[in-house]
Amino acid sequence: MKTNQFAVYQVKAGVETKDLRFRSYAYAKEHKVSIRGKFYVHGYLSVLIRTDTPETVWQRLKKQPKALRGHSIGVSAVLVLNQNGVVTSYYIDKTGLVVLAGFI
């Protein structure tokens, strides 16, 4: 992923991911469900606007970009931002974004 871009990852379909798909972060932690990149598929990639924050990107994504592959972006999707070489992953939860360590 290039600098100053963001990507959206969605949970893969299948039996091994049924306990993660559309589940809250609290549910995943309570049930010891692993939130790792190997359980996700890339769904969207775009450039960051200079003033973007994780929250502004998330708000834009709620409008469902036309190039989005997969289902609508919601709970259990992961937003990955690369801002000036610093890569941070966020779990999209019911109430907001949760920073994820070790996703990528």
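This is a predicted model: local features need pLDDT of at least 70, side-chain atom pairs count only at pLDDT 80 or more; totals for chains, interfaces and linings use all residues.
I begin with the charged pairs. The structure holds two salt bridges. In one of them, the side chains of Asp-19 and Lys-18 meet with an N to O distance of 3.5 Å. Asp-19 is partly exposed, at 33% relative accessibility, and Lys-18 is likewise partly exposed, with a relative accessible area of 46%. The other pair joins Arg-60 to Asp-52, whose closest N and O atoms are 2.7 Å apart. Here Arg-60 counts as partly exposed at 32% relative accessibility, whereas Asp-52, at 7%, counts as buried.

Let me turn to the overall architecture. The protein chain has two helices and five strands, and from the N terminus on these elements run β-α-β-α-β-β-β. Of its 104 residues, 43% count as buried. Among contacts with a separation of 6 or more, 63% are between residues 24 or more positions apart. The accessible surface comes to about 6,200 Å², and carbon and sulfur atoms account for 54% of that area.

The largest nonpolar core has 15 residues, of which Leu-20, Ile-35, Tyr-40, Val-78, Tyr-91 and Phe-103 touch the most other members. Strand S1 (5–11), helix H1 (25–30) and strand S3 (78–83) each supply at least two residues of this core, and S1 gives the most, with three. Apart from this core lies another, of 14 residues, including Leu-48, Leu-79, Tyr-90 and Ile-92.

What does Tyr-40 touch, not counting residues up to four places away in sequence? Its partners include Tyr-9, Gln-10 and Val-11, together with Leu-20, Ile-35, Ser-76, Ala-77, Val-78, Tyr-91 and Phe-103.

Finally, I would draw attention to Ser-89, which has its place in strand S4, residues 86–92. Is Ser-89 buried or exposed? Its relative accessibility is 5%, under the 20% limit, and Ser-89 therefore counts as buried. Leaving aside neighbours within four places in sequence, Ser-89 is in contact with Val-78, Leu-79 and Val-80, with Val-98, Val-99 and Leu-100, and with Phe-103 and Ile-104. As for Tyr-9, its C-alpha atom is separated from that of Ser-89 by 10.0 Å, although the two residues are 80 residues apart along the chain.

Definitions and conventions: Residues are numbered from 1 along each chain as its sequence is written. Side-chain values use heavy atoms; hydrogens and water are left out. Helices (H or I, at least four residues) and strands (E, at least two) are DSSP runs, numbered from the N terminus. Buried means under 20% relative accessible area, exposed over 50%, partly exposed in between (1.4 Å probe, protein chains only). Contact means heavy atoms within 4.5 Å. Accessible areas come from the Shrake-Rupley method with a 1.4 Å probe; for residues, only the protein chains shown count as cover. A nonpolar core is a set of buried Ala, Val, Leu, Ile, Met, Phe, Trp, Tyr and Cys residues joined through side-chain atoms within 4.5 Å. A salt bridge is a side-chain nitrogen of Lys or Arg within 4 Å of a carboxyl oxygen of Asp or Glu.
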